[in-house]
Amino acid sequence: MEQGNGFSAEGYDRTAHAEKLLAAGAGKAYSLAMLAESTLYTLAESCAMCARVIYWVRIGRVVFGQTERNLKMITGDNPENPTLNLLCAAVFAAGQGPTEVVSPLLEDEASALQADYWSSRG
């Protein structure tokens, strides 16, 4: 079975993004105090759906390489990646608790990985 966003143990699910699954699992396994001190690292900026889950679970910091805007430049209007023009920092800022965002880090390298992946989906 192919790996990546959209695939879960139950099969294909368009909402099964890695960040969402990781955050939901961490929310079940760890205390709020530990989550507040935790950092989620990801290749690309968390989408609005994933950011919502990260916020509700109360993970304290998110570090990513590639911005959502840069990812959209690579994927265009690909139906497999319906990118929203909404920064994860804006989702977090709309909430009541702090979630630190550190980004972009190594954006060129992250973009190259995404470009390779999306060009292979052709």
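**Sheet and helix packing in a predicted model**

Me: In this predicted model, in which sense do strand 3 and strand 4 pair?
Reply: Strand 3 covers residues 39–44, and strand 4 covers residues 61–66. Five bridges link the two. The sense of the pairing is parallel.

Me: Which strands are the edge strands of the open sheet?
Reply: Three strands form the sheet, in the order 3-4-5, with parallel pairing. Strand 4 is joined to strand 5 by three bridges, and Val63 stands opposite Val102 in strand 5. An edge strand here pairs on one side only. The edges are strand 3 and strand 5 (100–102).

Me: Are helix 1 and helix 3 roughly parallel or roughly antiparallel?
Reply: Helix 1 spans residues 18–29. Its axis lies 9 Å from that of helix 3, at an angle of about 15°. Angles under 35 degrees count as roughly parallel. The two helices are therefore roughly parallel.

Me: How many nonpolar residues does the contact of helix 1 with helix 3 have?
Reply: Helix 1 brings Glu19, Lys20, Ala23, Ala24 and Gly27. Helix 3 brings Met49, Cys50, Val53, Ile54 and Val57. One residue is polar and two are charged. The nonpolar residues number seven.

Terms used: Residues numbered from 1 in each chain as written. Predicted model: local features only at pLDDT ≥ 70, side-chain atom pairs only at ≥ 80, totals over all residues. Heavy atoms only, no water. Pairing = 2+ DSSP bridges. Helix = DSSP H or I, 4+ residues; strand = E, 2+ residues; numbered from the N terminus. Axes fitted to C-alpha atoms, helices over the stretch in contact; angles between N-to-C directions. Parallel < 35°, antiparallel > 145°, perpendicular 65-115°, else oblique. Contact = heavy atoms within 4.5 Å. Nonpolar A, V, L, I, M, F, W, Y, C, P; charged D, E, K, R; others polar.
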